[in-house]
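Q: I would like to go through a structure with you, taking a few local features in turn. Could you bring it up?

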Amino acid sequence: MAEHGGLFDGVFARGGAGTDGRAWLRAMLDTEAALARALERAGRAPAGAGAAAGALGRQAALSGNPVPGLVAALRKAVPPDAADTVHRGATSQDIIDTAAMLLARRALEPMAADLAAAADGCAGLAAAHRDTVMIGRTLLQQAVPVTFGLVAAGWLTGLDESSEAVARVRERRLALQFGGAAGTLASLGGDGPAVARLLADELGLALPVLPWHTDRSRIAEVAAACAGVSGALAKIARDVTLLAQSEVGEVREGGGGSGGERRGGSSAMPHKQNPVAAIAILGCTRRVPGLVATLAAAAEQEHQRAAGAWHAEWEPFADLLRVTGSAASWGADLTGRLVVDPARMRANLDATRGLPLAERVSELLAPPLGRAAAHDLVARASAHAVAVGSTLRESLLGVPDLAGWVHGAGITSAQIDAALDPAGYLGSAGIFTDAALAAHAARQK
């Protein structure tokens with residue numbers, strides 16, 4: 001397993017749990033020690049075997065070995081009467097798969113905490129800006145007015161729902177692997193199921209119905225949970241990078257480094273303030289689909305033990321936990337410090353010269369003119385406004401040919417003004433935002 005101790009850890013290993021070779025070794029040693037204790041409890045190992053294996057595990061955590069070498073080292077180091085009990089009944093895959101479950105549990109715990117913090121940040125933004133009007137954008141083009149509260153509520157719901165998947169995996173799908181050479185635990189005779197139950201109890205992992213050597217659904221579900229988290233975080237980060245563009249300027253990242261230095265600077269351009277947290281999230285999440293794809297491809301495993309597919313899982317599994325956890329940590333930073341500029345949002349909305357309200361004006365004109373005629377009239381007025389740089393109101397009421405249709409339909413200028421007020425065309429934005437906040441509060445109970 002490649003180590004991740006270095007230059008890029010600040011971006012890609014920001015999460016609270018290690019997933020490098022040392023963490024793998026710690027998890028394998030924990031599994032071996034728990035197996036010794038389970039065998040002792042089942043009467044298949046002498047008294048003190050579990051304690052001896054555990055003590056050795058604490059000492060051996062400073063070096064790295066694959067399972068066969070680790071087992072050999074354990075057998076040499078424990079008292080002679082305990083040596084035969086080391087690794088009894090297990091195969092290498094039992095140790096590594098169970099270690100993977102421990103690794104996942106240790107990584108998903110801080111990930112869940114960071115997701116909760118990120119969601120709380122979004123909830124604060126949604127509540128504070130429930131009625132802050134801004135332009136909505138579809139296909140990267142201006143569409144109709146929305147509120148920033150609704151935008152943040154969308155972020156919040158994505159985080160809350162992906163967090164639920166993480167919680168389900170942590171609570172129900174992280175299970176012991178203990179099947180022996182071919183999933184029968186034959187070397188333990190009739191004691192195999194009892195030892196498995198005791199081992200699951202020692203490790204605090206679920207006891208599966210069967211050993212799952214070639215059933216990789218648990219690995220796939222961890223990967224799917226990480227993919228969901230990644231998508232929710234990437235959505236937020238991408239929105240922030242777009243809204244923070246100099247020409248848009250509707251949000252910016254707050255905060256700086258721990259030493260008080262300015263964050264987001266450029267090595268070449270002194271004026272820059274880059275959205276560091278959002279960029280780091282995207283750097284992490286861009287790697288997730290490839291890692292998930294490798295794990296999905298490795299799920300096809302032949303007979304009772306796979307030749308190569310299982311081995312292909314190890315590094316992608318750990319890397320997936322690492323970068324997703326890092327993205328979650330950055331997400332908590334981002335949403336907790338995001339600075340919103342309502343005045344800039346309003347200015348950008350006003351700069352559209354009323355065109356995003358064309359749909360509402362069409363609805364106003366539809367009853368007297370008919371829907372098709374109303375749509376055509378507003379389309380002509382919009383095209384004129386774009387061509388000459390006027391507002392939609394000026395085109396509708398100032399161009400004689402167009403104004404004649406408006407007045408002939410009995411529509412007053414005051415009605416046109418009301419239709420062109422963005423605050424009056426927000427639909428259920430406030431209701432939806434309130435619903436997201438209520439659902440978030442309910443999840444915390």
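This is a predicted model: local features need pLDDT of at least 70, side-chain atom pairs count only at pLDDT 80 or more; totals for chains, interfaces and linings use all residues.

Q: To begin with the strands, in which sense do E1 and E2 pair, and over how many bridges?
A: Strand E1, residues 133-138, and strand E2, residues 141-147, pair in the antiparallel sense. Their pairing runs over 5 bridges.

Q: Which residue in E2 is the bridge partner of Arg137?
A: The bridge partner of Arg137 is Gln142.

Q: And what do E1 and E2 form, with how many residues between them?
A: They form a hairpin with 2 residues between the strands. In the turn, Leu139 has a positive phi of about 55°.

Q: Now to another strand: where is Val340?
A: Val340 belongs to strand E4, which covers residues 338-340.

Q: Is Val340 buried or exposed?
A: Val340 has a relative accessible area of 15%. Buried means under 20%, so Val340 is classed as buried.

Q: Which residues does Val340 touch, not counting those up to four places away in sequence?
A: Val340 touches Leu125, His129, Phe148, Glu250, Val251 and Met345.

Q: Taking Leu125 from that set, how many residues apart along the chain are Val340 and Leu125?
A: Val340 and Leu125 are 215 residues apart along the chain, while their C-alpha atoms are separated by 8.6 Å.

Q: Changing topic, how many disulfides does a search of the whole structure find?
A: The search finds 0 disulfides. For Cys122, the nearest cysteine sulfur is that of Cys284, 17 Å away. For Cys226, the nearest is also that of Cys284, at 12 Å.

Q: Are Cys122 and Cys226 buried or exposed?
A: Cys122 counts as buried, with a relative accessibility of 0%. Cys226 is likewise buried, at 0% relative accessibility.

Q: Finally, where does Arg173 lie?
A: Arg173 lies in helix H7, which spans residues 148-173.

Q: Does Arg173 count as buried or exposed?
A: The relative accessibility of Arg173 is 18%. That value falls under the 20% cut-off, and therefore Arg173 counts as buried.

Q: With which side chain does the side chain of Arg173 make a polar contact?
A: The side chain of Arg173 makes a polar contact with that of Ser217, at 3.2 Å.

Q: Which residues is Arg173 in contact with, leaving aside neighbours within four places in sequence?
A: Arg173 is in contact with Met101, Arg168, Ser217, Arg218 and Glu221.

Terms used:
Residues are numbered from 1 along each chain as its sequence is written. Side-chain values use heavy atoms; hydrogens and water are left out. Helices (H or I, at least four residues) and strands (E, at least two) are DSSP runs, numbered from the N terminus. Buried means under 20% relative accessible area, exposed over 50%, partly exposed in between (1.4 Å probe, protein chains only). Contact means heavy atoms within 4.5 Å. Two strands pair if DSSP finds at least two bridges between them. A disulfide is a pair of cysteine sulfur atoms within 2.5 Å. A polar contact is a pair of N or O atoms within 3.5 Å; within protein, one must be able to donate a hydrogen and the other to accept it, and residues adjacent in sequence count only if both atoms are side-chain atoms.
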